[in-house]
Structure formats: structure tokens, C-alpha cells
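Subject: Structure for your review

Dear colleague,

Please find below the structure that I am handing over to you.

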Amino acid sequence: TSYQPPIAEALRKAHSCLAVVRSRSWKRIALGEEIAMMADIEETIWHPAEIFYPKPSHHRSHAIVILNQPLNLPFSVYQNLWSNSSYDIAADGGANRVYTLNESNASKEELPLTTVIGDLDSLLPEAHSYWRQKDVPIIHDEDQYSTDFMKAVNHIRENQDKGLDIVVLGGLGGRVDHGMAVLHQLYTYQKEPGYPDGKMYL
């Protein structure tokens, strides 16, 4: 091994120690900043099951978006969900699903709709006639750069109070690409901390 003068060896060791201390100090600073950032984030507590209660204690009124998937839960479950809703909008073929549920209900009780919206390529003639007879507005939105789900959510946010929570029915269970699109859109609609535009439930 090559000979190193005592002073050179001492400087080398001091430099190594300084590098370790500096590295640990930066780690502490980074950790402190991360903790401070976490402390600034407001805690949000969710009570998702309560949306199905007859009289939820934590949930305020919400809007419902119905997508084009079967509604297979007991009718009473949907009644509870609708009873706590202030706005019920079907995205295109979702109107078929509510129509079928109403027609098949033995008690003849019905779930109402406030609006139907979409490009209407999936809306069945019998469902179209059914909702027309009940004076439900049917909005034909031909925009091909947004899905029927997006059209329904945008309609709610443009016409209802800011911060209204939204419950989405039928977002999963069909085509995988449709389900992934809904999940992606749920994320894009809820980016801000504290959910100032309302929470969304799928």
C-alpha cells in the first residue's frame, strides 16, 4: 500500500465523516419537511356504507349517477339510496336500468330520475317513452370527447351546489376498459385535498 502522511489521512477521514453527517442532516431535513406537509393535510373520514342507511348520521344529501349496468340489489336498498339523494341522473343506458327495475318491482313503487343525459345511442325506445311520459328531461349531448359518465358528472357540477357528493352506480362489473375509464375519471375529478367539489363513491 502507498504511504499517506498523517495529515492527509486525517483530512480524508474528516471529509468522510463530514459527508456522512451532511447526508444524515439532509435526511432529517427531508423527513421534517415531509412530516410538516403531512401535518398540513386535513384528515378526511369516509363512511361509505352509510349512504345505504334510511337516515344516515354522517352523510349529507348526495346526487346519484346511474350507468349502464344491471341494478341487482334489493329494491329497498335503492330506495334508501334515493331517499337521501337530491339529484338522480342517468347516463344514457343507465335510464334503461332504472326503467327495468321499476317495471319489475312487484310493489309498483318507482325510483324517479331528475335527468337523462348522453349521446343516447344506448337508450331503448321503451325507456325513452317511459321517461318522456314522466316529464323527465332527456338531454342529447353529442360530444364525442367525453363519456356519458363525464357528461352526467359535469351536468351535476354545473347545475347543483358546489361540494355535492356523488354516488355512482354501475361503474364496475361490465367491460374492463369501461371500468378502468371510470376509475381514471374518479381520480381526475377528486385531485384537490379536502374534496371541495364533493366526494365521489363508486
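The notes below go from the overall architecture to the helices and then to individual residues.

Overall architecture

Please bear in mind that this is a predicted model. The protein contains 6 helices and 6 strands, and from the N terminus on these elements run α-β-α-β-α-β-α-β-α-β-α-β. Of its 202 residues, 36% count as buried. The accessible surface comes to about 12,800 Å², and carbon and sulfur atoms account for 56% of that area. Among contacts between residues at least 6 apart in sequence, 70% join residues at least 24 apart.

Helix α2 spans residues 75-83, and its buried residues are F75, Y78, L81 and W82. They lie on the same side of α2, because they cover an arc of only 120° around the axis. The elements that cover these buried residues include β1 (62-66), β2, α3 (94-104) and β5 (165-169).

In α3, the buried residues are G94, A95, N96, V98, Y99, L101 and N102. Their packing partners are β1, α2, β2, β3 (115-118) and α4 (125-133).

Helix α4 has A127, Y130 and W131 as buried residues. Seen down the helix axis, the buried residues of α4 fall within an arc of 90°, so they line one face of the helix. The general rule is that an α-helix has 3.6 residues a turn, so residues three or four places apart point the same way. The buried residues of α4 pack against α3 and β4 (138-140), while the face turned away from the buried side carries the exposed residues P125 and Q133. After α4 comes D135, which has a positive phi, near 60°.

Residue D88

D88 belongs to strand β2, which covers residues 85-91. Leaving aside neighbours within four places in sequence, D88 is in contact with I64, W82, P112, L113, T114 and T115. One of these, W82, is also among the buried residues of α2.

N84 is located in the loop between α2 and β2. Is N84 buried or exposed? With a relative accessible area of 14%, N84 falls under the 20% limit and is therefore buried. Its side chain reaches the backbone oxygen of N80 at 3.1 Å.

E109 lies in the loop between α3 and β3. Its relative accessibility is 42%, so E109 counts as partly exposed. Not counting residues up to four places away in sequence, E109 touches F75, Q79 and N102. Of these, F75 is one of the buried residues of α2, and N102 is one of the buried residues of α3. E109 and F75 are 34 residues apart along the chain, and their C-alpha atoms are separated by 9.1 Å.

Yours sincerely

Definitions and conventions
Residues are numbered from 1 along each chain as its sequence is written. This is a predicted model: local features need pLDDT of at least 70, side-chain atom pairs count only at pLDDT 80 or more; totals for chains, interfaces and linings use all residues. Side-chain values use heavy atoms; hydrogens and water are left out. Helices (H or I, at least four residues) and strands (E, at least two) are DSSP runs, numbered from the N terminus. Contact means heavy atoms within 4.5 Å. Buried means under 20% relative accessible area, exposed over 50%, partly exposed in between (1.4 Å probe, protein chains only). The arc is that of the directions from the helix axis to the C-beta atoms. Accessible areas come from the Shrake-Rupley method with a 1.4 Å probe; for residues, only the protein chains shown count as cover. A polar contact is a pair of N or O atoms within 3.5 Å; within protein, one must be able to donate a hydrogen and the other to accept it, and residues adjacent in sequence count only if both atoms are side-chain atoms.
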